Amino acid sequence: MVRHVILWQLKDGLSAEEKETVKKGIKEGLEGLKEKIEGLAEIKVNAVPLPSSNADVMLDSLFDSADALKNYATHPAHVAVADGKVRPYTKSRTCMDFEV
């Protein structure tokens, strides 16, 4: 199994209302991939960080294998969410993948 964790910071200049809308879109979009991509065992987005956090959104996902993670990265459904709901609104991305 491979755990895939990403932390994003949203772009500066978004209003509080815009940030909430963006977070909701990221959560719905990514969690909606659960039944669409083979090898994706778990996917959870946390978009309600504590004030002590320096990230706005966290993706925590689990894949059957490293190959399943590679498939996810290029799967059209994932690319559509990334291009439409994530990348336009984020200024930084930190990723860690590891075997569990």
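Author: A salt bridge here is a side-chain nitrogen of Lys or Arg within 4 Å of a carboxyl oxygen of Asp or Glu. The model is predicted, so local features need pLDDT of at least 70 and side-chain atom pairs count only at pLDDT 80 or more, while totals for chains, interfaces and linings use all residues. Residues are numbered from 1 along each chain as its sequence is written, and side-chain values use heavy atoms, with hydrogens and water left out.

Reader: How many salt bridges does the structure hold?

Author: Side chains of opposite charge can pair when their charged atoms come close. In this structure the number of salt bridges is seven.

Reader: Which strands hold glutamate 42 and arginine 3?

Author: The side chains of glutamate 42 and arginine 3 meet in a salt bridge, 3.6 Å from N to O. The pair links distant parts of the chain, 39 residues apart. Strands (E, at least two residues) and helices (H or I, at least four) are DSSP runs numbered from the N terminus. Glutamate 42 lies in β2 (residues 40-46), and arginine 3 in β1.

Reader: Is arginine 3 buried or exposed?

Author: Buried means under 20% relative accessible area, exposed over 50%, and partly exposed in between (1.4 Å probe, protein chains only). Arginine 3 has a relative accessible area of 18%, so it is buried.

Reader: Which residues are linked with Arg3 in a network of salt bridges?

Author: Arg3 pairs with glutamate 42. The network joins Arg3 with Glu42 and Asp60.

Reader: Where in the chain is aspartate 12, the partner of lysine 91?

Author: The closest N and O atoms of lysine 91 and aspartate 12 are 2.9 Å apart. Lysine 91 is partly exposed at 45%, whereas aspartate 12 is exposed at 64%. Lysine 91 sits in strand β4, 79 residues from aspartate 12, which is in the loop between β1 and α1.

Reader: What separates lysine 27 from glutamate 31 along the helix?

Author: These side chains meet in a salt bridge of 2.9 Å, N to O. Lysine 27 is partly exposed at 27%, as is glutamate 31 at 25%. They stand four residues apart in α1, so the separation is about one helical turn.

Reader: Which elements are among those covering the buried residues of α3?

Author: In α3 (residues 76-86), His78, Val81, Ala82 and Val86 are buried. Seen down the axis, they fall within an arc of 100°, so they line one face of the helix; the arc is that of the directions from the helix axis to the C-beta atoms. Contact means heavy atoms within 4.5 Å. The cover includes β1 (2-10), α1 (16-31), α2 (66-74) and β4 (90-99).
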